[in-house]
Amino acid sequence: GRIRGDFGITYDVATLKSIDDLRDWGIKVSSVVVTRFHEGPASARLMQQVKSKGIAAYTQPEIPNYPNDVGLIVSPDGYGRYPCIETHAPIVVVTGAGPGSGKLSTCLSQLYHEHQRGVPSGYAKFETFPIWDLAVDHPVNLAYEAATADLGDIVMIDQRGKYHAASYANWT
């Protein structure tokens with residue numbers, strides 16, 4: 001039932017839309033992870049919808065005092081409680097329904113499990129950012145604006161219409 005602030009839709013609806021969009025683009029979706037999982041009708045419905053699409057569904061319960069209690073988090077009682085998500089590709093892309101959706105936690109738990117198995121693995125994070133030499137309405141810059149909409153960014157353009165000042169997050 002968590003609602004995305006930018007689109008006003010719930011994370012479960014955003015997840016199902018993302019699955020359909022990725023498949024429309026020819027990208028295979030092999031699994032869905034429901035993070036901060038709690039039993040309930042909404043989570044049960046999402047799990048059923050995902051499974052009906054032929055996609056493996058995993059759950060990750062909340063870890064108490066996450067992200068502060070590193071000793072608990074990186075232990076059998078933290079990431080060790082999460083299921084190891086089966087992958088078969090040398091590179092796996094993890095995406096999510098929105099900010100704070102558990103992408104990083106999912107990746108770190110996978111690294112934990114791979115380490116426990118003795119499998120060398122790594123992690124890289126892709127971030128969108130503005131490219132000052134492109135027009136404000138260029139798809140790359142529009143993607144940046146969409147990805148950071150929740151930060152209240154302000155795009156700054158100089159008097160000549162050039163987009164080369166940094167975007168500053170509104171932290172007040």
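Mentor: Let us begin with burial: a residue is buried under 20% relative accessible area, exposed over 50%, and partly exposed in between, using a 1.4 Å probe and protein chains only. This is a predicted model, in which local features need pLDDT of at least 70, side-chain atom pairs count only at pLDDT 80 or more, and totals for chains, interfaces and linings use all residues. Residues are numbered from 1 along each chain as its sequence is written, and side-chain values use heavy atoms, leaving out hydrogens and water.

Trainee: Why does V32 count as buried?

Mentor: V32 has a relative accessibility of 10%, and the limit is under 20%, so V32 counts as buried. V32 lies in strand β1; strands (E, at least two residues) and helices (H or I, at least four) are DSSP runs, numbered from the N terminus.

Trainee: What does V32 touch, not counting residues up to four places away in sequence?

Mentor: Among the residues that V32 touches are I19, V50 and I55, where contact means heavy atoms within 4.5 Å. V32 also belongs to the largest nonpolar core, which has ten residues, including I19, V50 and I55. Such a core is a set of buried Ala, Val, Leu, Ile, Met, Phe, Trp, Tyr and Cys residues joined through side-chain atoms within 4.5 Å.

Trainee: What makes D21 and K17 a salt bridge?

Mentor: A salt bridge requires a side-chain nitrogen of Lys or Arg within 4 Å of a carboxyl oxygen of Asp or Glu. The N to O distance for D21 and K17 is 2.7 Å, so the pair meets the definition. D21 and K17 are four residues apart in helix α1, and therefore separated by about one helical turn.

Trainee: Which residue forms a salt bridge with D20?

Mentor: That residue is K53, the closest N and O atoms being 2.9 Å apart. D20 lies in helix α1 and K53 in the loop between α2 and β2, so the pair ties together parts 33 residues apart in sequence.

Trainee: How do you know that S101 is buried?

Mentor: S101 has a relative accessibility of 15% and therefore counts as buried. The place of S101 is in the loop between α3 and α4.
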